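I opened my notebook for a short tour of one chain. Here is the model I was looking at.

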Amino acid sequence: MKLSALSLSLSQTGVPANHFLIFPEGDAVKAKDGRPFDAPAWIMKKDNGMALAASLNQSAKDLVIDYEHQTILSKENGQPAPAAGWLKAGSFLYVDGVGLCSNNYEFTAKAKDYIDNGEYRFKSPVVLYNKAGVVLGLHSVAITNDPALSILDELKPALLTAAITIPQTKPQQQENSMNPLLALILASLGLAETTTEEQAIAALNQNFADIKSKATAKGLMLDDGKLLASLSAEIDKVDEKFATAQAQEPDPSKYVPIEVVTALNEEIAKLQGNQKDPAEELVAEALSNGQLLPAQESWAMLYAQKDLQGFKDYLSRQPKIAALTQSQTAGKPVSTVPTTVALTADVKLVAAQLGVDAKDLASSMA
């Protein structure tokens, strides 16, 4: 939403007596310098004018009339921002063919002197508007001598006595009872502020149809006459079912306590850790009982790991040689002097049975 100050001047016919015109009716209001630059023009029509008047009347505070927009500029220049007058709370109304007005306002004695002496002649509202240029808010009004627009009535001494001659009255009744509801519908549906009532009703009906279709697909039966209320009731039922399910104890026939599962996993891990490689066990046994020579260990391990049953068949054909299971040094240190073992007939026989070279067998026995 944009904020802009505009100055307006000159007499304008049709303004009711004792009314302070704040912003004129029109859909192509522009300043002499070309503003607004970020919208086609400022728009003040009956619908947004009545809504704005109703919104302003909800506040219990009077709206300030200042000098040269000092209420806004004081934050920048550090100067005080005295009031020149006040638009009284609850005094805002929209006059057909005229625009946004106040029927209960007053000026300070100092401001009256300025206006009586011709030192201030114009007024300038600070309005808030959307991208389309629709005026949606009013920040303040200033008295000024540098008008940007020339379509509002000039400040006149007669205006200064309006607050004295007009008793405190209730704001003019506006036909805007549906505006707050329309605003709520537009906000709920994410529609633009410029959406018409007919467009809003069509969008709302489509939204209701979508809700009912999705609910029916989920097995929910909604009352067409009380769609939102019945939808809320169905949601409550779902919440109750969820709460009941959370409160129920688990069925022991369908669920195992987490402690049991944890203990079982630990036992499985232990069993897996205690398992030994059958190939390693078989090769170790064959080495210990003399069916294999130490020089055959690597070959035997590869054979057993690749074909365990074939390796068992091979071992079943090998004799157990007790001499190969005993230390040849009887516990004495191994001599570093090469020892030669004769290739006797027995050594050759054993080598043939083991399928190894007789010289290698003789060397291992030295």
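Strands here are DSSP runs of E of at least two residues, and helices are runs of H or I of at least four, each numbered from the N terminus.

A note on the source: this is a predicted model, where local features need pLDDT of at least 70 and side-chain atom pairs count only at pLDDT 80 or more, while totals for chains, interfaces and linings use all residues. Residues are numbered from 1 along each chain as its sequence is written, and side-chain values use heavy atoms, with hydrogens and water left out.

Next I looked up the partners of β11, taking two strands as paired if DSSP finds at least two bridges between them. Strand β10 (residues 122-129) runs antiparallel to β11 and is joined to it by eight bridges; Phe 122 has Thr 144 as its bridge partner. The two strands form a hairpin with five residues between them, and Gly 133 in the turn has a positive phi of about 95 degrees. Strand β5 (residues 63-67) pairs with β11 in the parallel sense over three bridges, with Ile 65 opposite Val 141.

I stayed in β5 for Asp 66. What does its side chain touch? I found a polar contact (a pair of N or O atoms within 3.5 Å, one able to donate a hydrogen and the other to accept it; residues adjacent in sequence count only if both atoms are side-chain atoms) with the side chain of Thr 71, at 2.6 Å.
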